[in-house]
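Here are some exercises to work through with the structure on your screen. Try each task yourself before you read its solution.

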Amino acid sequence: MTRYKLTIEYDGAPFVGWQRQDNGPSIQAAIERAVLAMSGERVSVQGAGRTDAGVHALGQAAHFDLASEKPAETVRSALNFHLKPDPIAVVEAEIVPADFNARFSATGRRYRYLILNRRAPPAIDRGRVWHVPVPLDTVAMADAASVLQGHHDFNSFRSTSCQSPTSIKTLDLFDVTRLGDEIRIDVGSRSFLHNQVRILVGTLALVGRGQWTRRDVEDALAARDRTRAGPTAPPHGLCLMEVRYDLAAAGDRDDTEIAIDEE
């Protein structure tokens, strides 16, 4: 068997999420159909992150195995041909060691959330940004984000349906920047809890509106109670930007830390 790693870009709008489901089309199922059309083999494509309905990706990663080895470039081209007209593109395909796992071998993931902060609604970026028409104080938002960066119990900032056995995570990156009317919120960690980034963004939006202070964010974190944090921001502003690996140590796994990644 030959194991392939894919780097995938997709528009999440038409899909029920990454994971194969009975209630609608998924990115995982679309890629598995493309692999079947290319090779005649039925495979299970394993993704690095199970993005929710409406969440986009520029750097999702996945792996699958084929009994018949094909050049990586042939795999990429054939999959892109068979994925048409779905808004999914295989940006890169490569052959990796048999112990590589797209989910458990990951050493880091980075998401970006985009807010369009102006009175007028988006036209070109519709479906790619969260439109917030009232002014947001990005300096206050960045200050509040510094409270949440680092190693914490994020129980207040995960979905009540999250299946992770622990809510303790480490945010290596949590930056808020403004470029004109666009606010970019970049969040990086080895793994994330279900809806964690979107709840963090919803909480920062309260700070940006002046409804919450830095102290309110500190209190929400300390409470370890979902009802004490802000709302869940809509999915369409969120994009999985990249998944990082150390392929030289692909077999090294820490399942306690990376038990789940659902955004």
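**Exercise 1. Decide whether Gly 188 is buried or exposed, and find what surrounds it.**

Step 1. Take the cut-offs: buried means under 20% relative accessible area, exposed means over 50%, and partly exposed lies in between, with a 1.4 Å probe and protein chains only.
Step 2. Gly 188 has 5% relative accessibility, so it counts as buried.
Step 3. Locate Gly 188 in strand 9, residues 182–189. Strands (E, at least two residues) and helices (H or I, at least four) are DSSP runs numbered from the N terminus.
Step 4. Look for contacts, meaning heavy atoms within 4.5 Å. Beyond its neighbours within four places in sequence, Gly 188 touches Arg 109, Arg 110, Thr 170, Leu 171, Asp 172 and Leu 173.
Step 5. Check one distance: Gly 188 and Arg 112 are 76 residues apart along the chain, and their C-alpha atoms are separated by 8.8 Å.

A word on the model before you go on: it is predicted, so local features need pLDDT of at least 70 and side-chain atom pairs count only at pLDDT 80 or more, while totals for chains, interfaces and linings use all residues. Residues are numbered from 1 along each chain as its sequence is written, and side-chain values use heavy atoms, leaving out hydrogens and water.

**Exercise 2. Describe the setting of Pro 231.**

Step 1. Pro 231 sits in the loop between helix 5 (214–223) and strand 10 (238–245).
Step 2. Its class is partly exposed, because its relative accessibility is 45%.
Step 3. Setting aside neighbours within four places in sequence, the contacts of Pro 231 include Arg 198, Ile 199, Gly 202 and Arg 226.
Step 4. Compare with Glu 9: Pro 231 is 222 residues from Glu 9 in sequence, and their C-alpha atoms are 27 Å apart in space.

**Exercise 3. Examine the backbone at Pro 85, Asn 195 and Arg 224.**

Step 1. Recall the background: most residues other than glycine have a negative phi, and most peptide bonds are trans.
Step 2. The peptide bond from Lys 84 to Pro 85 is cis, with omega near 5°. Pro 85 belongs to the loop between helix 2 (72–83) and strand 4 (88–96).
Step 3. Asn 195 has a positive phi, near 70°. This residue is in the loop between strand 9 and helix 4 (196–208), and Asn 195 counts as buried because its relative accessibility is 11%.
Step 4. Arg 224 also has a positive phi, near 55°. Arg 224 lies in the loop between helix 5 and strand 10 and is partly exposed at 46% relative accessible area.
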